Amino acid sequence: NILNNIIGMSCSEESGSESSSEWEDEEEAVECACTCLFCPVKLSSAEDVFTHCANVHEVDIRTIRAKLGLDFYSCVKLINYIRAKCPPPGAVAVLESPPYPWEDEMYLKPVVDGDALLQYDFDGDEESSDRASPSKQTRDLSVEEYEQALSQALSELASMRLAVRELFKEDQAVPTKRVVTSEQEDGYFSTYTHFSIHEEMLKDEVRTDAYHRFITQNPSIFKDKVVLDVGCGTAILSMFAAQAGAKRVIGVDQSNVIYKAMDIVMENGLSNKVTLVKGAMEEVQLPVEKVDVIISEWMGYCLLFESMLDTVIVARDRWLLDASKVYPNQCSISLVAMGSKMEYDSRVCFWDDVYGCKMSAIKEEVFLEAHVQCVQPHDVISTSDVVKKLNMATVKLPDLGFKAPFTLTMLNDTICHALVGYFDVSFDSMQYPVYFGTGPMDTPTHWKQTVFYLKKPIAVSTGDLLAGTIEFRKNKEDVRCLDIYVTMELSSVDAEHVKIEQKFYLH
């Protein structure tokens, strides 16, 4: 592959005017200074470096190039990305699909001057078998063809240099640290790439403090253990576990926020303990056979929205040595009745008169939709009832679709406008147990409560019983959404018999 050899020899700043002896001197200098991508070891050639990476660090750059279908410029970006960001070897080896963290054009700029790895002939690897084949017809290039190929190669090289200069003309001394910018992401988990979602969750002190206290105050659970963080997001729980003495922490997330998390882990000096893997938990291959502990913040609205618990169950059954070591380990869903004319008028009756126009078509949709909102404590008009308990050591996937009875006792004479769903979470431990709730009487969280407005509010009296069943089903079109069915009857001495059947969507 003479053309590729020409391009490789022409990667110095001077062009075709150099003599062949100068090229040879430059190649010899490069050959003597090839540093590994993941450690300080220096080797005699790019070939030796790639072999060393494959054998010692289990990262075969040539295999990754072939698997991901990377072209020459993508290979340059990949090498410069590794040089600049120093990701753990495992984080590079597990990448399977775009977008990749090295796609920014800034990674065309060499991090190491005269880096021999950037001159490596990847195309030559691919074509070597063809060159060795006796059936392959080959011939020597004529002087004219050789000069033409050289001219074309130098032209392409000049174009590449121009593009790089334009990219960095405002700052010739480009720092190796990547500037954090907003990324255009797509795919199923794209919503979790937006920092505002993570900001909201991290600022939820009830949530984040509960995990922090449990992990840091229970060193016997985490010290010298291998911990798996399912849906790691910004890797905050992974870092808590590392700080608590975990031997190794592996965080897995399918969202592209994991690339930011890699930067965060390195910024906090925890790359030697925390390994982050991008991909679906159901599909990724972890760099260990088993883990000792699973931590995860998987809870959604009304606990089961988004179906992330399914993923935790899969991880538990596949990777966990002891099924009882999933944290949090106990959760429950409860119901309570709400009476609030102000909220009902604002959410429902509003559509009866919108600047003189009736919008009953939308009003019908309001009754189908479960509303996520904060319910004021003074709007609670009944006792509560637990409709589902989940033990993380034993829960199975079929348990997440259920039908359960409930009975609510009315606390005063009023109007019932809605039912309210919420959940409680427990981290059980003999040393330092932690609990938090998301009900109307608890400190507000980003989960708020889930409100099911009734089509016909009902008058209730103190002591009346509102009893029935609630059923959770996964939506057939989107399994991360919920279809919720409520059937209930009011037992009252003073009022006529009332029966309600209503379906809600939590989408």
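Is Phe72 buried, exposed or partly exposed, and what is its relative accessible area? Phe72 is partly exposed, at 28%, where buried means under 20% relative accessible area, exposed over 50% and partly exposed in between (1.4 Å probe, protein chains only). The model is predicted, so local features need pLDDT of at least 70 and side-chain atom pairs pLDDT 80 or more, whereas totals for chains, interfaces and linings use all residues. Residues are numbered from 1 along each chain as its sequence is written, and side-chain values use heavy atoms, with hydrogens and water left out.

**View A. The aromatic pair of Phe50 and Tyr120 is edge-to-face.** Rings of Phe, Tyr and Trp (its six-membered ring) pair if their centres lie within 6.5 Å, and planes under 30 degrees apart count as stacked, over 60 as edge-to-face and the rest as tilted. The centres of Phe50 and Tyr120 are 5.0 Å apart, with 70 degrees between the planes, and both residues are buried.

**View B. Phe72 and Tyr73 form an edge-to-face pair.** Their planes stand at 75 degrees and their ring centres are 5.4 Å apart, which is why the pair is classed in this way. Tyr73 is partly exposed, with 38% relative accessibility.

**View C. Charged ends of arginine side chains sit over the rings of Trp319 and Tyr485.** A charge counts as over a ring if NZ of Lys or CZ of Arg is within 6 Å of the ring centre and within 35 degrees of the ring normal. The charged end of Arg318 is 3.7 Å from the ring centre of Trp319, and that of Arg473 is 4.3 Å from the ring centre of Tyr485.
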